[in-house]
Every structure is written in structure tokens, then in C-alpha cells.
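Me: Let's work through this structure by asking and answering. Keep it brisk, and check each point on the display.

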Amino acid sequence: MTKVSLDIWGRAFELEIVYDVYQDEEVLKEQVIAYERFIANAPHLLEEAECEVKKYCMRVNKEDILENEISNIFKYVKPKALYIKRNSGEDRIVALLCDYRFNPDDGIAIVFKNEAYFAIGTQNIIL
């Protein structure tokens, strides 16, 4: 199992790296490129995504959060893995998979496409 250390929103995390491959299949060259480009841009991408994560939490679970503004995102969201999707055409898709306090079954996926924030939702949007 391969892991990577990343600073996410001011905290260090050891994340599992998960490649979308078939059983007994090698990681695709395009997936390696997607991973490398994401890591090179991670500080900026993750900083930008923090705001989107807070908005998502407030939109989906405002009544459970009991604050007007989230001061500590880690009360609700815990990063756990990087998911590198099998590439479709030219797109490089990487998702930060997180546990989510209010949806332990489905968690949250923060999706980046071609080194830019793309979407956020339950992990079903990427897996």
C-alpha cells in the first residue's frame, strides 16, 4: 500500500494512494501523470478546496453544525485517501476522499480535474 504525506488545511496527513485499476492491472501512465501533477499543485488546490468543503458542510448539514461559520473543519471532515481515477481522454481526475461526521457510510469526495477544483459530494460521485 502506497502512502503520501500532505499538509491539508494546516495539518499533516498520511494518505493512502488508491489507483482506479482492474485486479492485476498495472497503474496506467496517465494515472501517474495525474498524481504527479496533483501533488505539484496540491498546496494551492487544497487551500482553494477548503472553502468549498465548508460550503458543502453548511449546505448539507447546517442544522447539525450549530455554528454560522465553520472554524475547525476537522470536527466534521477527515482526509483519508487520494483516489486517482482511470483517465477518460485528456482529463486527469484526482479526488481527496474524506470521512464525514454526518455521513459515515458515504463520506465526501473533493474532485479535481486537470489540476483545478471540479466538484464535491459523497464518494459515490467518483467511485
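Me: What relative accessible area does Asp99 have?
Reply: Buried means under 20% relative accessible area, exposed over 50%, and partly exposed in between (1.4 Å probe, protein chains only). Asp99 is partly exposed. Its relative accessible area is 35%.

Me: What kind of model is this, and what is left out of the side-chain values?
Reply: It is a predicted model, where local features need pLDDT of at least 70, side-chain atom pairs count only at pLDDT 80 or more, and totals for chains, interfaces and linings use all residues. Residues are numbered from 1 along each chain as its sequence is written, and side-chain values use heavy atoms, leaving out hydrogens and water.

Me: Asp99 and Lys80 meet in a salt bridge; how many residues apart in sequence are the parts it ties together?
Reply: A salt bridge puts a side-chain nitrogen of Lys or Arg within 4 Å of a carboxyl oxygen of Asp or Glu. Here N to O is 3.5 Å. Asp99 lies in strand 4 and Lys80 in strand 3, so the bridge ties together parts 19 residues apart. (Strands are DSSP runs of E, at least two residues; helices are runs of H or I, at least four; both are numbered from the N terminus.)

Me: How many residues apart in sequence are the parts tied together by Glu25 and Arg86?
Reply: The side chains of Glu25 and Arg86 form a salt bridge, 2.3 Å from N to O. Glu25 sits in the loop between strand 2 (11-19) and helix 1 (29-65), and Arg86 in the loop between strand 3 (77-84) and strand 4 (93-100), so the tied parts are 61 residues apart.

Me: What is the angle between the planes of Phe38 and Phe112?
Reply: The whole structure holds 7 aromatic pairs. Rings of Phe, Tyr and Trp (its six-membered ring) pair if their centres lie within 6.5 Å; planes under 30 degrees apart count as stacked, over 60 as edge-to-face and the rest as tilted. Phe38 and Phe112 are tilted, 5.2 Å centre to centre, with their planes at 55 degrees.

Me: Where in the chain do Phe38 and Phe112 lie, and how many residues apart?
Reply: Both Phe38 and Phe112 are buried. Phe38 is in helix 1 and Phe112 in strand 5, and the two are 74 residues apart.

Me: In what sense do strand 5 and strand 6 pair, and over how many bridges?
Reply: Two strands pair if DSSP finds at least two bridges between them. Strand 5 and strand 6 (117-121) form a hairpin with 3 residues between them. The pairing is antiparallel, over 4 bridges.
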